[in-house]
Amino acid sequence: MAVSAKIDVPDQSLVISIIGRFDFSSHNDFRSAYESLDPLPGNIRIDMKQASFIDSSALGMLLILRDFAGGNDANIAITHCNAEVRSILEVANFDDLFTIS
């Protein structure tokens, strides 16, 4: 599975981990990681530690998550980005919409 999700108990945040390629083939798993949660935790982390690549469909999935989580009020961090993933996110100006580390 390219996507896994868990609730981080200490801070009650949702952690969605991406493994391998983050592309359209991950769409259903990524959406399922957060859509069924009621309520959705206020803090969401997308852990890219094991992500090797992201494409434009992954960028779209991140924007859909942001809208689902409250748009401008969403608190979403994209963490553990390798240089290639970080570069793609920065070129797309996602550093204006998400916390990226």
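In this predicted model, aspartate 47 is buried but takes part in no salt bridge. Aspartate 47 is located in strand E3. Beyond its neighbours within four places in sequence, aspartate 47 is in contact with Val15, Ile16, Ser17 and Ile18, and also with Thr79 and His80.

Strand E3 spans residues 43-54 and belongs to an open sheet of 5 strands, arranged in the order E1-E2-E3-E4-E5 with mixed pairing. Strands E1 (3-8) and E5 (99-100) form the edges, each pairing on one side only. E1 and strand E2 (residues 13-22) run antiparallel and are joined by 6 bridges. Aspartate 8 has serine 13 of E2 as its bridge partner. Helix H2 (residues 56-68) packs on the sheet, where it touches E2, E3 and strand E4 (75-79). The direction of H2 makes about 175° with that of E3. Helix H3 (residues 83-91) lies across E3, E4 and E5 and runs at about 115° to E3.

The largest nonpolar core contains 27 residues, of which Phe30, Ile46, Met48 and Leu89 touch the most other members. At least two residues of this core come from each of E2, helix H1 (27-35), E3, H2, E4 and H3. For isoleucine 46, contacts outside the four neighbouring places in sequence include Ile16 and Ile18, together with Phe30. Isoleucine 46 also contacts Leu62 and Leu65, and a further group made up of Ile76, Ala77, Ile78 and Thr79.

When residues up to four places away in sequence are not counted, alanine 51 touches Ile18, Gly20, Asn82 and Val85. The C-alpha atoms of alanine 51 and alanine 83 are separated by 11 Å, the two residues being 32 residues apart along the chain.

Methods: Residues numbered from 1 in each chain as written. Predicted model: local features only at pLDDT ≥ 70, side-chain atom pairs only at ≥ 80, totals over all residues. Heavy atoms only, no water. Helix = DSSP H or I, 4+ residues; strand = E, 2+ residues; numbered from the N terminus. Contact = heavy atoms within 4.5 Å. Buried < 20%, exposed > 50% of the residue type's maximum accessible area, 1.4 Å probe, protein only. Lys, Arg positive; Asp, Glu negative; His and termini not counted. Salt bridge = Lys/Arg side-chain N within 4 Å of Asp/Glu carboxyl O. Pairing = 2+ DSSP bridges. Axes fitted to C-alpha atoms, helices over the stretch in contact; angles between N-to-C directions. Core = buried A, V, L, I, M, F, W, Y, C linked by side-chain atoms within 4.5 Å.
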